[in-house]
Amino acid sequence: MMGYEHMNQMTMTTTGMMKNFNKVGPINIPRKKTTRRSVSAIDGGAAATAAAAGEGDRPQDLKTLDLSGMSLASLSASSINLASISKLDLSNNNIQQIPESLVARMLNLWKLDLHSNQLKTLPNSIGCLSKLKVLNVSGNNLQALPKTIEDCRSLEELNANFNDLTTLPDTIGFELTNLTKLSVNSNKLIVLPSSLGHLTSLRVLDARLNHLGSLPEDLENLVNLQVLNVSQNFQHLKTLPYSVGLLISLVELDVSYNGIKVLPDSIGCLRKIQKLSVEGNPLVSPPFEVVENGLEAVKQYMSEKMTESNKKTPTKKKLWGIGKMVKFKTFHGLSSSPGRSPGRRTGGDRHGDEREGFINVSDYRQIDGIASPRHVSLFNPRRLLSPLSAYFSPPRYR
């Protein structure tokens, strides 16, 4: 039988072990390591903390660099391998300028966030970012975007809200063909470039709170546009182009608080439209009582108005055009009836020769094709080798 002293000794030993266990604390389960690095040569040499979500500890393993909200006033080149960064966040700082050389080294960058800074210009080297998909420069003092932004052909989202922009690059629509979202609200834009109609991938266009006096005429090419917001341009925007009603994918249209008196009749053609905001306009057509009855009432009103307008408009014969039948006098088709001269028509058979499958050749008029004698003279060797003015001088018609 165990003695009293021996039992007391075991109790003291167990108590001591429990105390030591309590000092150790709870056991931590290993988790994926998140590396934090010190980035030097930023803000005039002051050190800043960068959160880098990568797998290794080497600078070349960096994937995301977050320098947001650090009161940075300037940037300069650092020892970090900038070519390895895919996402860079410099938002909510006091940065006034970004060095050209810094941007030119970020060849693999696909997201750049510069919102809420003091930028007056963007570096021209931004055109080197061929992989850039998302660019946020909202909340700065930008008066223009560099023309080189057109070289960012992978760009899908461009946010330039809350700046001082007065214009956009003229050819932006020809180059940024992958752009799906363009936000330029709260600026000083007077017009949108006509090339905007070529952004066939665009889904959202937000141009509210500007000074827009008009919209591009050929918007019908924006076949994927779902949201169009041009509200609060106030007295500047007084009309909408007819092509607005030809946006086949449009779901939401906001033209509220402008100076629009008449909506284009084509609004009745918007089959997918679910939200239409027109309040705050001095509308005459459609009248207020129609607008009060909701979207379907407006669509029906505009459809009926368009139908009436088409009935009143006389149909004009088109003698020229691609894809249309051109009437030639030398055309040898089926005669209107056997044994009759194709160029004759009697009073009694005036409508009898318009039967299906027959062509009345007398309806065909002569036009001069490119191979006619009058035009062949344009390609005469003497004319081609003559001075420029003579080459472009058209033949005279009698």
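Me: Let's start with Leu209. Where is its place?

Reply: Leu209 sits in the loop between β9 (204-206) and β10 (227-229). Strands here are DSSP runs of E with at least two residues, helices are runs of H or I with at least four, and both are numbered from the N terminus. This is a predicted model, where local features need pLDDT of at least 70, side-chain atom pairs count only at pLDDT 80 or more, and totals for chains, interfaces and linings use all residues. Residues are numbered from 1 along each chain as its sequence is written, and side-chain values use heavy atoms, with hydrogens and water left out.

Me: Is Leu209 buried, partly exposed or exposed?

Reply: Leu209 is partly exposed, at 33% relative accessibility. Buried means under 20% relative accessible area, exposed means over 50%, and partly exposed is in between (1.4 Å probe, protein chains only).

Me: Which residues make a nonpolar surface patch with Leu209?

Reply: Phe234 and Tyr257 do, and with Leu209 they make a patch of about 270 Å². Patches are made of residues with over 30% relative accessible area and no salt bridge; nonpolar side chains (Val, Leu, Ile, Met, Phe, Trp, Tyr) are joined within 5 Å, like charges within 9 Å. Areas come from the Shrake-Rupley method with a 1.4 Å probe, and for residues only the protein chains shown count as cover. A salt bridge is a side-chain nitrogen of Lys or Arg within 4 Å of a carboxyl oxygen of Asp or Glu.

Me: What about the phi of Tyr257?

Reply: Tyr257 has a positive phi of about 55°, and it isn't a glycine. Tyr257 lies in the loop between β11 (252-254) and β12, and is partly exposed at 41%.

Me: Why would anyone point that out?

Reply: Because most residues other than glycine have a negative phi, and most peptide bonds are trans.

Me: OK, and what's up with Ser116?

Reply: Ser116 is not a glycine either, and its phi is positive, near 60°. You'll find Ser116 in the loop between β5 (111-113) and β6 (134-136), partly exposed with a relative accessible area of 30%.

Me: Which residues does a cis peptide bond join?

Reply: Ser285 and Pro286, with omega at about 0°. Pro286 is in the loop between β12 (275-277) and α4 (288-292).

Me: Switching to the inside: how many residues has the largest nonpolar core?

Reply: That core has 69 residues, and Leu135, Leu192 and Leu253 have the most contacts inside it. α2 (100-104) and α5 (295-312) each supply at least two of its residues. A nonpolar core is a set of buried Ala, Val, Leu, Ile, Met, Phe, Trp, Tyr and Cys residues joined through side-chain atoms within 4.5 Å.

Me: What is Leu253 in contact with?

Reply: Leaving out neighbours within four places in sequence, its partners include Leu228, Val244, Ile267, Leu270 and Lys275. Contact means heavy atoms within 4.5 Å.

Me: And Leu155, buried or exposed?

Reply: Leu155 is buried, at 1% relative accessibility. Leu155 lies in the loop between β6 and β7 and touches, among others, Leu132, Leu135, Leu176 and Leu179, not counting residues up to four places away in sequence.

Me: How many salt bridges does the count come to?

Reply: Six. One of them pairs Glu175 with Arg153, the closest N and O atoms being 2.9 Å apart. Glu175 lies in helix α3 (residues 172-175) and Arg153 in the loop between β6 and β7 (157-159), so the pair ties together parts that are 22 residues apart in sequence.

Me: What about Lys275?

Reply: The side chain of Lys275 meets that of Glu252 in a salt bridge, at 4.0 Å from N to O. Lys275 is in strand β12 and Glu252 in strand β11, so this pair ties together parts 23 residues apart in sequence. Salt bridges that share partners also join Asp151, Arg153 and Glu175 into one network.

Me: Last one: how many helices and strands are there?

Reply: The protein chain comes to eight helices and 12 strands. Of its 398 residues, 36% count as buried. The chain exposes about 24,500 Å², with carbon and sulfur atoms supplying 54% of it.
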